[in-house]
Amino acid sequence: MPYQRAHNAKQVAIVFSSLAIVGASLLVIGLLGSVNKVIAIPIGLPLMLIGLSSVVLYEIKLRETYRELSPKIPYLYLFMDMYLTAGLSASDALGKAADMLDDKVLKLLHRHLSAGFSHEEAVRRVFDGYRGMARVYVENLLRSSLYGAGGVSFIRDTLSHLLIEKEKEIEKVTQQLSMITEIYTVTGVFAPLTAIAALAALFVFGSGGIDPSLMAMLVLMISVGAMAAVATLARTVIDRVRV
């Protein structure tokens, strides 16, 4: 998130946090009887809900900005190792790595470094308000890049650790996808077939007051909804290791 946008979003979040505090205070005062409940609750409850919802949305939006960077961190370390070993400066190496990974956060960071900012200031501006592990890894990477052979050694050690963790994550995702495949098979194949057999029996032996056409539409809607939910879950799991 560009520095100015992050700063503006933070100011908005602070305002809505204040609204949530005011709303909660009104609720407490109203429940304690210090103010008429008829006035305090209808005003305090909406203020608190709006404030809390806005803060949560801000946190979600902030994390989405950097979500695509997190799975690229091992590859970022790999490319930086290659370019630093080839003799490039930390800034130039980051620029080439950003182009290879096509990551907007890394490109913005490179522009800040090229503009003359120190790596601490560049990281602060680009990751303003964000405290996730991606920030820690990028900050450590830039700091170590300034220390020649010792820094490259640190990058390689960290890369080995990241690759091991990546392998474990891929194994976990593979297991989860196997379970999702089983769920998809049940919800998308066996459950609809069982429902079709039941509907056929209703047509043959009598519906007993149940409308078979309505039941068929209900089964179709449930099956499509369930398969869509499972497909969405599978995509979410795959996105954790996709670059």
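Trainee: What makes the crossing of α3 and α4 right-handed or left-handed?
Mentor: In this predicted model, α3 passes α4 in a right-handed crossing, and the criterion behind that word is that the near helix is turned clockwise from the far one by less than a right angle.

Trainee: Why are α3 and α4 called oblique to each other?
Mentor: The axes of helix α3, residues 73-85, and helix α4, residues 90-101, come within 9 Å and cross at roughly 135°. Roughly antiparallel requires an angle over 145 degrees, and roughly perpendicular covers 65 to 115, so α3 and α4 are classed as oblique.

Trainee: Which residues of α3 and α4 meet?
Mentor: From α3 come Tyr75, Leu76, Phe79, Met80, Tyr83 and Leu84, and from α4 come Ala90, Ala93, Leu94, Lys96, Ala97, Met100 and Leu101. The residues of this contact of α3 with α4 divide into twelve nonpolar, no polar and one charged, where Tyr counts as nonpolar and Lys as charged.

Trainee: How do you know that α4 and α5 are roughly antiparallel?
Mentor: Their axes, which come within 9 Å, cross at roughly 155°, and the label applies to angles over 145 degrees, so α4 and α5 are roughly antiparallel to each other. The crossing of α4 and α5 is left-handed.

Trainee: What is the make-up of the contact of α4 with α5?
Mentor: Ser91, Leu94, Gly95, Ala98, Asp99 and Leu101 in α4 meet Leu106, Lys107, Leu109, His110, Leu113 and Ser114 in α5. These residues of the contact of α4 with α5 divide into six nonpolar, four polar and two charged, with Gly counted among the polar ones.

Trainee: Why is α5 called oblique to α6?
Mentor: The axes of α5 and α6 come within 9 Å and cross at roughly 140°. An angle must be over 145 degrees to count as roughly antiparallel, so α5 is oblique to α6. The crossing of α5 and α6 is right-handed. The contact is made by Val105, Leu108, Leu109, His112 and Leu113 of α5, together with His119, Ala122, Val123, Arg125 and Val126 of α6, and the residues of this contact of α5 with α6 divide into seven nonpolar, two polar and one charged.

Trainee: What makes histidine 119 count as buried or exposed?
Mentor: Histidine 119, which has its place in helix α6, residues 119-126, has a relative accessible area of 11%. Buried means under 20%, so histidine 119 is buried. Leaving aside neighbours within four places in sequence, histidine 119 is in contact with Leu113, Glu139, Leu142, Arg143 and Leu146. Histidine 119 and alanine 90 are 29 residues apart in sequence, and their C-alpha atoms are 9.7 Å apart in space.

Trainee: Where is serine 145, and why is serine 145 called buried?
Mentor: Serine 145 is in the loop between α7 (133-144) and α8 (148-205). Its relative accessible area is 11%, and the cut-off for buried is under 20%, so serine 145 is buried. Not counting residues up to four places away in sequence, serine 145 touches Met80, Leu84, Ala90 and Ile155.

Trainee: How do you know that isoleucine 180 is buried?
Mentor: Isoleucine 180, found in helix α8, has 9% relative accessibility; since buried means under 20%, isoleucine 180 counts as buried. The C-alpha atoms of isoleucine 180 and leucine 233 are separated by 7.9 Å, although these residues are 53 apart along the chain.

How values were computed: Residues are numbered from 1 along each chain as its sequence is written. This is a predicted model: local features need pLDDT of at least 70, side-chain atom pairs count only at pLDDT 80 or more; totals for chains, interfaces and linings use all residues. Side-chain values use heavy atoms; hydrogens and water are left out. Helices (H or I, at least four residues) and strands (E, at least two) are DSSP runs, numbered from the N terminus. Buried means under 20% relative accessible area, exposed over 50%, partly exposed in between (1.4 Å probe, protein chains only). Contact means heavy atoms within 4.5 Å. Axes are lines fitted to C-alpha atoms, for helices over the stretch in contact, and angles run from 0 to 180 degrees between N-to-C directions. Angles under 35 degrees count as roughly parallel, over 145 as roughly antiparallel, 65 to 115 as roughly perpendicular and the rest as oblique.
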